[in-house]
Amino acid sequence: MPDSLDKRNLERWFANLLELQNDCSMNTSVKDLDLLTFANTTITSVLPSTNEQQQFIINAKGAPGFDISTADLTTFSTFDALLDNFSPLPSLVGAFLRTLAVGPFPTGSLVDFFKAAVSSAFPGGSTGTQWTKASSQLTSVIPAVCFSGKLQAAAAKTVDDSTKAVRDLVNQIAELG
Amino acid sequence: MNHRKTKGFAILTSFVVVSLTTCQAQNPVTLKVASESLVRYPTLQPQTAISVYLADPLPVADLVEKAIGADPHHPLWDCTKPSSYRVAVLAKQSGGSPKPVRYETIMYVALQGNDDVTGKRLTFCEPRHPGMVQLIIDSNLSNTETVQVSLVGLPDGLTAQSDGKLAFTQTGFSLSVVPQAAPSEKLTNGMSRDVGQLSLSLADSSLFPRSSLPLDVYAKSKALFSTDEKDSQSSFSETVGIRRGIIPKWYTPVHFEETIQGNQSATSLSNVATLGFTTLLPWSWSGKVFRNPIFDAPLPPDATVNNQYTYRIKQNTAPTLKALATNDYSLTLSFSWASIRFPWACTLFDWIHIRSQNTSTQSNSSYCLGAELNGGSYYLPLDLTAAKTQRLEGYGDVSILLPLSSLTSFSKFFPFLGSGDPAKSQIRIKYADCVNAANNYARSKQWTYGIELMK
């Protein structure tokens, strides 16, 4: 089910990241950053003063609709970590991959899916039909800068490794890059 | 044994076993929770919230998916209702484990995220959306108490609760004590001498955190004590104020303050009533003017405007200072403009081979030399100068900043200084031309050199 709730959830995470970038509009250098660089930017380096931080908090309350405290801006040093606090990317990536896996996984629990061997969820390795389809779906949902050719190749290598669990694959993709 | 009785007993036994199996509670899933100290805008009132994570860790995500059921608009368990949660306050019992002593009232549940369709705050939960909700509570927790959050009314015997270790720390109170040496400090008798100074700062950003007032009440105290009471910079000020925002989507807190201020020996003493506001200047237009290879200022200055009525109880009568009006008015404007960069310096440092090639974030890659400007003015229309014109006192400081991470020699010997954010370790060369409003606008000029290390 490519147009599942989990696909929308994953798309929304990146839409929210873009909204957080727009929320930093008082810093004119932020709009020049690509989405991956922005995700890994230290929050207080682009919003150093109290006024800028408070304006960002007001903006983020409007979109993406998060109630952020001042402490959050230092507790979660990057925008990626801040967004993960409100919407954990690994859970979203894992849930989306679950909808694209074989057999009983799409209707099973996330806990069991994360523990399962990658080879059981995506038989045939990186050239198998299941992973080819899953990879294609991922590239359609995740912006290219956050799921680069290099990361796709690394993920394919994990899919080919029979010792790896789905958790390893999910964490690798959720690292972005 | 009667056959019919035996069959009836067997049916009854089976029914009891099935019932027990159905009703038996599963092992509770451990909820991840966190405490939040929010400030609501525009009222600027503090608010205590508990973040409850509904999509992390995975067992919770699975549980919430089951609890919502097939139709998120008609959920089996409604994440939006305060009655779907229980916040138990635990207290340590002597010699035993913490026990619930009361339950906190949940005022409302704030879903974290917007609806894709309406673009407004979510009004229902789907699996993994929102990933977190905030329970807004009217908290009065003590340091010895912790909180345990449970989900209530879950279907199919599902249970979930936090580990009961969540503690709340009171924020909003700050204290700073900084001893410093001031060489050749100017005195009010016109002389100069080396002095020692102690800077004290105390603030409580919300005096009545649980009040229903639509504004924030705060207090602050600031003092600079000197080893010489004639030090022109010596001062104290005790302030109580109220504040709230006026423009809902633009951070513009308006404040009204009552301050008693003076110099260290209180030979100058005055009562100041202040009405003013602080804001960021609109800056989206500035890219073409202030972002170029020579001068890069991506952030706007912070600006503050104050109207002040001053009643002078006592004035310093030193011969170097002219007496000011007893009932005085001043319009003060001040600004702070940080994050100014000079990208050309990186080219220069590369050319003379003193720039470190340490990796830094892209947003700071052009930071090899920076500046910070602070300034302002006091317009005193009731105080005339010797030329019988209205008095205007300007002040300001300029700092040149050199991040240590940009210098090869520092990065080589102190690699920990060269990593991360360049603004965290830098050389500051500062020139300040100050006036001390607490001491009849006594003026002093000062050079400062230092290395700043920030964690």
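How many salt bridges does the structure hold over all chains? There are 23 of them, a salt bridge being a side-chain nitrogen of Lys or Arg within 4 Å of a carboxyl oxygen of Asp or Glu. This is a predicted model, in which local features need pLDDT of at least 70 and side-chain atom pairs count only at pLDDT 80 or more, while totals for chains, interfaces and linings use all residues. Residues are numbered from 1 along each chain as its sequence is written, chains are lettered from A and ligands numbered from 1 in the order in which they are written, and side-chain values use heavy atoms, with hydrogens and water left out.

View 1. Helices (H or I, at least four residues) and strands (E, at least two) are DSSP runs, numbered from the N terminus. Arg98(A) is buried at 3% relative accessibility, whereas Glu65(B) is partly exposed at 25%. Buried means under 20% relative accessible area, exposed over 50%, and partly exposed in between (1.4 Å probe, protein chains only).

View 2. Arg102(B) pairs with Glu145(B), their closest N and O atoms being 2.8 Å apart. Arg102(B) is partly exposed at 30%, and Glu145(B) is buried at 11%. In the other pair, Asp328(B) and Arg312(B) meet at 2.8 Å, N to O. Asp328(B) is buried at 1%, and Arg312(B) is buried at 6%.

**View 3. Helices H11(A) and H12(A) pack against each other.** H11 (residues 149-160) and H12 (residues 166-174) of chain A pack at about 175 degrees, with their axes 10 Å apart. Axes are lines fitted to C-alpha atoms, for helices over the stretch in contact, and angles run from 0 to 180 degrees between N-to-C directions. The two helices are therefore roughly antiparallel, the word for angles over 145 degrees. Among the residues that meet are Leu151(A) and Val159(A) from H11(A), and Leu169(A) and Ile173(A) from H12(A); contact means heavy atoms within 4.5 Å.

**View 4. Trp131(A) is part of the largest nonpolar core.** A nonpolar core is a set of buried Ala, Val, Leu, Ile, Met, Phe, Trp, Tyr and Cys residues joined through side-chain atoms within 4.5 Å. Of its 67 residues, those touching the most other members include Trp131(A), Leu97(A), Phe122(A) and Ile173(A). H7(A) gives the most to this core, with seven residues. Leaving aside neighbours within four places in sequence, Trp131(A) has contacts that include Leu97(A), Phe122(A), Val159(A), Leu169(A) and Ile173(A).

**View 5. Ser162(B) is a buried residue.** Ser162(B) lies in strand S9 (residues 160-162) of chain B, with a relative accessible area of 2%. Not counting residues up to four places away in sequence, Ser162(B) touches Leu31(B), Val33(B), Val147(B), Gln148(B) and Val149(B). The C-alpha atoms of Ser162(B) and Ser377(B), 215 residues apart along the chain, are separated by 54 Å.

Key:
Parallel < 35°, antiparallel > 145°, perpendicular 65-115°, else oblique.
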